[in-house]
Amino acid sequence: MTKIWQIIKHEYRRHVFQKKFILSLLSLPIGVGAMAIVAVLIAILSTNSSPVGVVDQANFLQEFPQEKQDGTIFEPAIDFLSYQDADQAQTALDGGDIQAYYVIPETYPDSLEIELVYDEKPDSGVQNQFTQLLKLNLDLTKNLDANIRHRLQSGSNITITSLDGSREMNEDEWYLVFTPFVAGTMFVIVVMTSGGYLLQAVVQEKENRTMEIVITSVSPSQLMTGKIIGNIAVGLTQLIIWLIFSWIALKVGGLIWPVLQDFSLPADYILVLLLVLLPAFVMVAAIMASIGASMTEAQEAQQVSGLFSLPIMIPYYLSSVIMTNPNGTLAVVLSYIPLTAPITILMRMAFTVVPVWQIVINIAILVIFAALAIWVAGRTFRMGMLRYGKRISLKEIIGNRVEL
Amino acid sequence: MSIIDASNISKRFGDIQAVDHLSFDVQPGEIFGLLGPNGAGKTTTIRMILDIFKPDSGDINVLDGSMTEEKKNKIGYLPEERGLYQDIPLDRCLTFLATLKGMDESAAKPVLEGYMKQFELFENRHQKVKELSKGMQQKAQLITTLVHDPALVIIDEPFTSLDPVNTEMVKDLLEKKRDEGKAIIMSTHQMNQVEELCDRILLIDHGKQVLYGTLRDIQNSFSSRDLMVTPLDELPISINGVKEIRQMNGRFRLILKEDAQPNVILKNLINQGVELTEFEIAVPPLNEIFIQVVKEQEEGTHD
């Protein structure tokens, strides 16, 4: 057991305390952070928050909001200034005091037409806020209870409930749609990273000729277990650090963009996420290890592993089909094929209610294939360990004949 | 109790009989030479001892029984195909390999430091292994083989890449280990090292035993009835009992007549007033025995 621990430690230290790893670890959050900062800067620079004039010839606007609304960076609160006539407003526009002005003609109650005069088209936020102002002044709403008026102003929030009542979704839960994509992408990146490291790790002893020294010190299964756990730990380290960054980003982003504050995942979704992704992770890692063990050079192994990473991404290419028909035959079949299963099931769960038995079968398939992949990895490793410069054929791995 | 007891072991790879009914034993406190031409089956024999391969037939007992995971901690192995982890500092590489032999990091540290100082690697301990010279890496591999004080040491070509000073140091170290009662199996093509170090040898060819026994017995069995002498001045043109005199590098090889005895020749030389600085029975160098035996084997297999 201590020997396995030593191998885990060795594998972990080999990667985690390397400049290359730390750089790749930080490059994603730094890249995303930089993009976010640029987006905010562009928003701040391009958003015009100067007041907008209103020439109310119809005498329609009796009421202006008592308190100024809270704005956001992307949609700053706009002050509406009242002008006597269009000429005055035009002067103010020419003088740069306002960015545009609305003219509500006398005929407005009948024609429902309003004129907007501008040099440069105002942002959609201006239009939204003006619409709110109009709603506030509709005759219809004037005598209503304040709460009802508020509801009318804030508009609808539709909650969709599934027929069996097990599932609800409303606009505030927009992130549920993104979760499978974000979780899936993170999964793919983490799996590819650990898998890639594992690939190198398994070839390593053959490349540097330490194989015989190592296998006369530990058993091949100890070596393999240590390597798989060690490199999975590297991937998990990466994942955890990214999750911490994401959490910080949500908290910081929430200050700027309040919608982000609503973000929370249902517990059952997180549970399935873990139950699906963990065996999937082990399975892919073990497949990588098998490839590494059957090859003699890291570079060669890297190329072959590319073939196995493609199927993992297939659900993304078919995402429109899965989204429109998440319980269709294709989606169901994909969630039973080991390599496509993890991302497919997460996508389906985001868009529909997946029957529990299907989730159970999905997880069971992943667990069985993970175990199978480990077995193959161990076998391949045993066969390939002393074969410097000679690949192992698939026939040998499956069959009993070992050619040394 | 034998450290290794191999009886009748055989191993076949496809059409090649790598090891063919080989029996031998290795005792504690001896340096055992495992010799043979390239492809004779030495590495396969070593790998069977270490349980990397299982013999097709026959039994090997290592450290009193069959090979187990625990026994791996009592064996130090320097394989022919050898290397070190290249991308990490030397001390970390050595510590890792020592812990794989069941040592605690804390226990390994002082031992490793001692060896690194002895092998003049202490200054280089923080350098990455790939930055070290071939000779330094070879010394580091020897440290890995010996750090856990194994009861059985198996070393394949331990002196390649070593300069004469380090070669001498490693030889002293191996002799010290032998005197401590460890069993050492050495496989090498450097016959002079075998002559200097080995107590017993096993010479194999085509997987079969060719010679097996103490170095002295084997050399004696190959010794001719020749004498090597070095006179202070000149040798007489003829000596009683000597058929022929050949000069070799300032020494003389005396080929005796059928019934002549070495001590009678010595007496004759002294009686003839010759002063000698050297007088010995010509023992053929192991190198010659090796070549002779292997050639005979080759001819035997071609017949």
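Begin by selecting A:Asn231, which sits in helix H10 (residues 220–256) of chain A; helices here are DSSP runs of H or I with at least four residues, strands are runs of E with at least two, and both are numbered from the N terminus. What you have open is a predicted model, in which local features need pLDDT of at least 70 and side-chain atom pairs count only at pLDDT 80 or more, while totals for chains, interfaces and linings use all residues. Residues are numbered from 1 along each chain as its sequence is written, and chains are lettered from A and ligands numbered from 1 in the order in which they are written.

**Around A:Asn231**

Is A:Asn231 buried or exposed? A:Asn231 counts as buried because it has 28 C-beta neighbours inside 10 Å; the term asks for 20 or more other C-beta atoms within 10 Å of the residue's own, whereas exposed means 12 or fewer and partly exposed lies in between, with C-beta atoms placed from the backbone. Leaving aside neighbours within four places in sequence, show the residues in contact with A:Asn231, which are A:Glu11, A:Ser194, A:Tyr197, A:Leu198, A:Ala201 and A:Ala285; contact means that the C-beta atoms, placed from the backbone, lie within 7 Å. If you also pick A:Ser309, 78 residues from A:Asn231 along the chain, the two C-alpha atoms are separated by 17 Å.

**Chain A and a helix pair**

To see the contact, show A:Tyr269, A:Val272, A:Leu273, A:Val276, A:Leu277 and A:Ala280 of H11(A) together with A:Pro342, A:Ile345, A:Leu346 and A:Met349 of H15(A). These residues divide into ten nonpolar, no polar and no charged, where Ala, Val, Leu, Ile, Met, Phe, Trp, Tyr, Cys and Pro count as nonpolar, Asp, Glu, Lys and Arg as charged, and the others, Gly among them, as polar.

**Where the chains meet**

Bring chain B into view next: 22 residues of chain B are in contact with 19 residues of chain A. On the side of chain B that touches chain A, strand E5 (75–78) and helix H2 (90–100) of chain B each supply at least two residues, and the largest share, four residues, comes from H2(B). By class, this side has twelve nonpolar, five polar and five charged residues.

**The sheet of chain B**

Stay in chain B and select the six strands that form an open sheet in the order E5-E6-E7-E3-E8-E9, with mixed pairing; two strands pair if DSSP finds at least two bridges between them. E5 and strand E9 (208–214) of chain B stand at the edges with a single partner strand each, so one side of each is left without a neighbour in the sheet. Inside the sheet, strand E3 (residues 31–35) and strand E8 (residues 200–205) of chain B run parallel and are joined by four bridges, and B:Leu34 has B:Leu202 as its bridge partner in E8(B). Helix H4 (residues 134–146) of chain B packs on the sheet, touching E5 and E6 of chain B, and its direction makes about 160° with that of E5(B).

B:Asp64, in the loop between strand E4 (57–62) and E5 of chain B, has a positive phi near 70° although it is not glycine, and it counts as exposed, with 10 C-beta neighbours inside 10 Å. B:Ser161 has a positive phi as well, near 65°, and is partly exposed, with 16 other C-beta atoms within 10 Å.

Finally, colour chain B by domain 1 (4–220) and domain 2 (224–281), bounds that come from an automatic or database domain assignment; the centres of the two, taken over C-alpha atoms, are separated by 43 Å. End at strand E10 (residues 226–231) of chain B, which runs antiparallel to strand E12 (residues 251–256) of chain B over four bridges.

How values were computed: Two residues are in contact if their C-beta atoms, placed from the backbone, lie within 7 Å. Axes are lines fitted to C-alpha atoms, for helices over the stretch in contact, and angles run from 0 to 180 degrees between N-to-C directions.
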